[in-house]
Structure formats: C-alpha cells, structure tokens
Amino acid sequence: MQFGRSYEEFEVGAVYKHWPGKTVTEYDDHLFCLITMNHHPLHLDANYAENTTQFGKNVVVGNYIYSLLLGMSVPDVSGKAIANLEVESLRHVAPTFHGDTIYGQTEVLDKWESTSKDDRGVVHVETKGYNQDGTLVCIFRRKVMVPKNSYLEARGGEQPGRPELVEPAPRD
C-alpha cells in the first residue's frame, strides 16, 4: 500500500479519492471540542441547539471536519511530505451533523520544483469533503513540499528508518 507520493508521482489534474470515509459521532465532536477548548453550545448543548438555532440540532465543529479531511488525505498526498507549507483557503460550505459520514477527494492543481533545493518540489492541492448524500461540506487548498525520488533514495528509499527483521538463531 502506498503512503504518500514523491514529486515525480504527482500529475496536475489528478484526483485522489480518499478511502474509507468516516462516520462522525457525537463522541468525536465533543472530544475534539473539549481538547481544543471550543465550548460553544452549538456543538455541545443539544437543548441550546434544538431551541435556539436554525439547525435544530448540534452542528459538528468545522475544524474537526477540516482535520479529518486533512488526515484522510495523508496516504494519497502528504505521507512523504517534507513540510506542509500553507493552507491558503478553508471554507465550510454546509454543516455536518452527528451521524454524517464524511468522504474526501483531492485534486492536484499545480506543482513546481523548488528553487533553492533540487531534491524537492511543491504541490498545490485542493481537498473537498462531502457527506453521504454527496453534499459538499468543506473545501480547502494547501501547498505541500514533497521529496523527489533522489531525496528518498538518499535517505533509505520507500520506508526510511524501517529496520530489517532479524530472525532468531535456530535452537539446538
């Protein structure tokens, strides 16, 4: 199974459909809110959401959806990244609710070689997240510095740092 790509493997216009999707639970949403200290009642208080919002129920915090999509994209996009350089735009297009399943896909918009180091390049991508009905919920663009094959070869190849299995000596 591939984990990330080298610069040479990216093609402008390519679309990577991330798999599998993730069903967002109330627990996921509440834990993320609590860890990040976002205590807005829209996300945590069912009574508040039911009686005072247009949605009538809790809305999943948007940064969780962004983080989920970013994580989903790692095996296809940034699994070999040297650095995530920039998130250039982030839009939450529609709300996500507890029980929704999120799917993602990323399109390669552009790529260019580094001007300072010849063993890497930058890939410009757009990730879209949508729910089980196909409704777009989140879209963001980012720039990722990725290694060229020469960078990977100089550092141990496809899985740098992975030790080789040492078989035990036979018993007498």
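Me: Is Ile35 buried or exposed?
Reply: Ile35 is exposed, because its relative accessible area is 62%. For the terms, buried means under 20% relative accessible area, exposed means over 50%, and partly exposed is in between (1.4 Å probe, protein chains only). Keep in mind that this is a predicted model: local features need pLDDT of at least 70, side-chain atom pairs count only at pLDDT 80 or more, and totals for chains, interfaces and linings use all residues. Residues are numbered from 1 along each chain as its sequence is written, and side-chain values use heavy atoms, with hydrogens and water left out.

Me: Where does Ile35 sit, and what patch is it part of?
Reply: Ile35 is in helix 1, residues 26–35. Together with Tyr27 and Leu31 it forms a nonpolar patch on the surface, with about 350 Å² of accessible area for the three together. Helices here are DSSP runs of H or I with at least four residues, strands are runs of E with at least two, and both are numbered from the N terminus. A patch takes residues with over 30% relative accessible area and no salt bridge, joining like charges within 9 Å and nonpolar side chains (Val, Leu, Ile, Met, Phe, Trp, Tyr) within 5 Å. The areas come from the Shrake-Rupley method with a 1.4 Å probe, and for residues only the protein chains shown count as cover.

Me: OK, new topic. In what order do the strands of the sheet go?
Reply: Five strands make an open sheet in the order 1-3-4-5-2, with antiparallel pairing. Strand 1 (15–23) and strand 2 (83–92) are the edges, each pairing on one side only. From one strand to the next, the twist averages 20 degrees. Two strands count as paired if DSSP finds at least two bridges between them.

Me: How many bridges join strand 3 to strand 4?
Reply: Ten, between strand 3 (residues 101–113) and strand 4 (residues 120–130). The two form a hairpin with six residues between them. Glu107 stands opposite Glu126, and Glu113 has Gly121 as its bridge partner.

Me: And what's on the other side of strand 3?
Reply: Strand 1, which pairs with strand 3 in the antiparallel sense over six bridges. Lys17 stands opposite Gln105 of strand 3, and Gln105 in turn stands opposite Lys128 in strand 4.

Me: What about strand 4 and strand 5, how many bridges there?
Reply: Eleven bridges join them, running antiparallel. They also make a hairpin, with five residues between them, and Gly134 in the turn has a positive phi of about 90 degrees. His124 stands opposite Lys143 of strand 5.

Me: How many residues of strand 4 are buried?
Reply: Nine of its eleven, so strand 4 is mostly covered.

Me: Which strands does helix 4 lie across?
Reply: Helix 4 (residues 62–78) lies across strand 1, strand 2, strand 3, strand 4 and strand 5 (136–147), running at about 40 degrees to strand 5. Axes are lines fitted to C-alpha atoms, for helices over the stretch in contact (heavy atoms within 4.5 Å). Angles run from 0 to 180 degrees between N-to-C directions.

Me: Are Asp76 and Arg5 buried or exposed?
Reply: Asp76 is buried, at 19% relative accessible area. Arg5 counts as buried too, at 14%.

Me: What does Glu88 pair with?
Reply: Lys143, in a salt bridge of 3.5 Å, N to O. Glu88 lies in strand 2 and Lys143 in strand 5, so this pair ties together parts 55 residues apart in sequence. Glu88 counts as partly exposed because its relative accessibility is 33%. Glu86, Glu88 and Lys143 are linked in a network of salt bridges.

Me: And what about Arg120 and Asp119?
Reply: Their side chains meet in a salt bridge too, at 2.8 Å, N to O. Arg120 counts as buried at 11% relative accessibility, and Asp119 is buried at 15%.

Technical notes: Salt bridge = Lys/Arg side-chain N within 4 Å of Asp/Glu carboxyl O.
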